[in-house]
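Hi everyone, thanks for coming. I'll take a few minutes on one model, starting with a loop and ending with a pocket. Here it is.

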Amino acid sequence: MEESKKLVDRYWDKLTSQALWERVIDASIEIIIILLVSWLAVRLGKKFINKVFLMRMRSPLNHSERRQRTIARLLQSVISYVVYFSAIIGILSSLEIKIAGLLAGAGIVGLAIGFGAQSLVKDVITGFFIIFEDQFGVGDYIKINAAEGTVVEIGLRTTKINGATGEQFIIPNGAIGEVVNYSINNSKIFIDLQMTTNADFEKAEAIIHKYLETLPNLHEELIATPAFLGVQNVKGTEVTIRIAAETLPQQQYGIARIIRRDVTKLFEENNIPMAYPKMMFYGKDEGRSE
C-alpha cells in the first residue's frame, strides 16, 4: 500500500511540475507555428506554380497548354505531400519522439509491404510515362476502356475522368490500356440530310453552297468552309445528301446541329421538299349481312 502511494505521488509530482508544463506549452507553440508555416507554404507554392504556368500558357511560344496545365496540377500535389510530410516530422520532433527509430521501423515495414505493392508501383510508373509522353492532359476528352469523358486530374497513381452525365471515373494508371484522345486533332463530321426524289436538286445544291460560304465568318469553331459532297445514297423515294465539316476539337456536334437547323429552314423557305418518315395504316372492311 505504501509503495502504491509513493508511485502515485511520484507521477503526480511529474504532472504538476513546472518543467513539464513549460515543455507542453513550448511544444504546443512549436506545433502551431509548424502548421501555420506549412499551410502558408502550400498556399504560396500553389499560387506560385499557377502564376508561372499561366505565364507559360499565355506565351506565344507555348504549343501545349494542356501539358502545362497537367504538370501544374501534379506539382501542386507534390508540394502538398512534401510540405505536410515535413510538418509531421517536425511535430514528432517537437513531441520529443525519436524520428530515427520510427523511420527505421517504417523502412522495414515498407520493405515487407513492397513485395505486395507491385500494382502500386505499376500505377506510379505508368502515371509518370503518361505525363512524360503527354498522352493526354487535364481538359482533354478521352476514352479509356468503358470510361469516357473529360480529364479533371492526372496523378502518379490514378486518373480522374468526369463523364458526360456527371459521373466520375477514377482509374488506376496501371489499368490504363488503349486510350482514345478526341482533343488532340481537329474534329470532322458528316451531316446527312434527306430529300425526296422529286426535289429540285440543282436549286438545293446552290442554296447549300451559298449558305456554307457564310459559316466561317459566323462560327470561329470552323477550321474551313464546310463542303457539300453531293448525293450519298438513294433509297426508294429518298435521296440522302451529305455535308462535311472540320472544326476545333470537340466542337463538331454544335456545328452539326446548327447546319441541320439552318438547312431545314432554308429548304422550307424555298419549297424544297425533305423526306420524312411515313406511316401507313391498313384497314380491313368487314362485310355485314342484312
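Let's start at Gln 250, which sits in the loop between β8 (238-247) and α8 (252-269). Those names come from DSSP runs, H or I of at least four residues for helices and E of at least two for strands, numbered from the N terminus. Before I go on: this is a predicted model, where local features need pLDDT of at least 70 and side-chain atom pairs count only at pLDDT 80 or more, while totals for chains, interfaces and linings use all residues. Residues are numbered from 1 along each chain as its sequence is written, and side-chain values use heavy atoms, with hydrogens and water left out.

Back to Gln 250: its phi is near 65 degrees, a positive value in a residue other than glycine. Asn 145 is not a glycine either, and has a positive phi of about 55 degrees. You'll find Asn 145 in the loop between β1 (141-144) and β2.

Now, the pocket. By pocket I mean an open set of points on a 1 Å grid over the protein atoms alone, where a 1.4 Å probe fits, with protein on both sides within 12 Å along at least five of seven lines; lining residues have an atom within 4 Å of a point.

So who lines the largest one? Among them are Arg 73, Tyr 81, Glu 153 and Thr 158. α3 (65-94) and β2 (147-154) each give at least two residues to that lining, and the largest share, 5 residues, comes from α3.

That's my tour, thanks.
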